[in-house]
Amino acid sequence: MTRDEGDGFAEFVAARWPELEAVALVALLDAERAREVTTAALAALRGRWSGVVEEGAPTPAARRELVGRLVEAPPGPADPGLRAAVRAPADAVPGALLDALAAESPRVRTVLAAETAWELAPGAADALLPRRPDPRAELVEARARLAAAPRAPRAADGLAPDDDRLDDDTARLVHRLAG
């Protein structure tokens, strides 16, 4: 798929793979499935690469291709090894957030991961989702659930609840998972 044919595709894949796979990993919570879906998305992009380059927007095209596949992926169990990857003895927040994230749909996980990994403004990632069903209400409810997840670990550590840290906590989690 990434054989160098002089058209820049291999270089594009090398440059964009980490950010694409990170979103897939958080969306699917399974490293093997994340690699498979990321590979399939890039293989589909390869088939129309010259047109994508001509349009001048290969990164958004790759993101749309990946997101389309992620939201259609059937939910599966989270890889147990991921919990070990985020566990930190002095910080229970990432583990609690991972548990809460695992309870959410791949659509929600895709949006949250994309906002973090791709440094998108809130709301920009849900624009990549298919409009049916409308994702906004689901995302608002999910953000409330995810903001609540770290409250108990923070209290156990003698810290006050800090729901405004959801974006920072999610970013730390995504970076630990993609690690």
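Predicted model: local features only at pLDDT ≥ 70, side-chain atom pairs only at ≥ 80, totals over all residues.

Trainee: How many helices and strands does the chain have?

Mentor: Helices (H or I, at least four residues) and strands (E, at least two) are DSSP runs, numbered from the N terminus. Here the chain has ten helices and zero strands. Along the sequence the pattern therefore reads α-α-α-α-α-α-α-α-α-α.

Trainee: What does the radius of gyration say about the chain?

Mentor: The radius of gyration is taken over C-alpha atoms, and the globule rule is 2.2 Å times the number of residues to the power 0.38. For 179 residues, a compact globule would have a radius near 16 Å; the chain has 17 Å, which agrees. Along the principal axes, the C-alpha atoms fill a box of roughly 55 × 35 × 25 Å.

Trainee: What share of the residues counts as buried?

Mentor: Buried means under 20% relative accessible area, exposed means over 50%, and partly exposed lies in between (1.4 Å probe, protein chains only). By this rule, 44% of the 179 residues are buried. Contacts give another view of the chain; contact means heavy atoms within 4.5 Å. Among contacts with a separation of 6 or more, 69% come from residues 24 or more positions apart.

Trainee: How do helices H2 and H4 cross?

Mentor: Axes are lines fitted to C-alpha atoms, for helices over the stretch in contact, and angles run from 0 to 180 degrees between N-to-C directions. Helix H2 (residues 31–46) and helix H4 (residues 58–72) have axes that come within 9 Å and cross at roughly 130°. Angles under 35 degrees count as roughly parallel, over 145 as roughly antiparallel, 65 to 115 as roughly perpendicular and the rest as oblique. H2 and H4 are therefore oblique to each other. Their crossing is right-handed; a crossing is right-handed if the near helix is turned clockwise from the far one by less than a right angle, and left-handed if anticlockwise.

Trainee: Which residues make the contact between H2 and H4?

Mentor: H2 contributes Val37, Thr38, Ala40, Ala41, Leu42, Ala44 and Leu45, and H4 contributes Pro58, Ala61, Ala62, Glu65, Leu66, Arg69 and Leu70. Ala, Val, Leu, Ile, Met, Phe, Trp, Tyr, Cys and Pro count as nonpolar, Asp, Glu, Lys and Arg as charged, and the others, Gly among them, as polar. By class, the residues of this contact are eleven nonpolar, one polar and two charged.

Trainee: At what angle do H1 and H10 pack?

Mentor: Helix H1 (residues 9–28) and H10 have axes 9 Å apart, at an angle of about 105°. They are therefore roughly perpendicular to each other. Ala22, Leu25 and Val26 of H1 meet Val174, Leu177 and Ala178 of H10. This contact has six nonpolar residues, with no polar and no charged ones.

Trainee: Is Thr170 buried or exposed?

Mentor: Thr170, which lies in helix H10 (residues 166–178), is buried, with a relative accessible area of 8%. Leaving aside neighbours within four places in sequence, Thr170 is in contact with Leu97, Leu112 and Thr116.

Trainee: Where is Glu115 placed, and what does Glu115 contact?

Mentor: Glu115 belongs to helix H7 (residues 106–117) and counts as buried at 9% relative accessibility. Beyond neighbours within four places in sequence, Glu115 is in contact with Leu120, Ala121, Pro122, Gly123, Ala125 and Arg143. Ala125 lies in the loop between H7 and H8 and is buried, at 3%. The C-alpha atoms of Ala125 and Glu115 are 5.8 Å apart, although ten residues separate them along the chain.

Trainee: Which residues other than glycine have a positive phi, Leu29 being one of them?

Mentor: Leu29 has a phi near 55°; Leu29 is in the loop between H1 and H2 and is buried at 2% relative accessibility. Glu119 also has a positive phi, of about 50°, and is not a glycine. Glu119 lies in the loop between H7 and helix H8 (136–148) and counts as exposed at 72% relative accessibility.

Note on methods:
Residues numbered from 1 in each chain as written. Heavy atoms only, no water.
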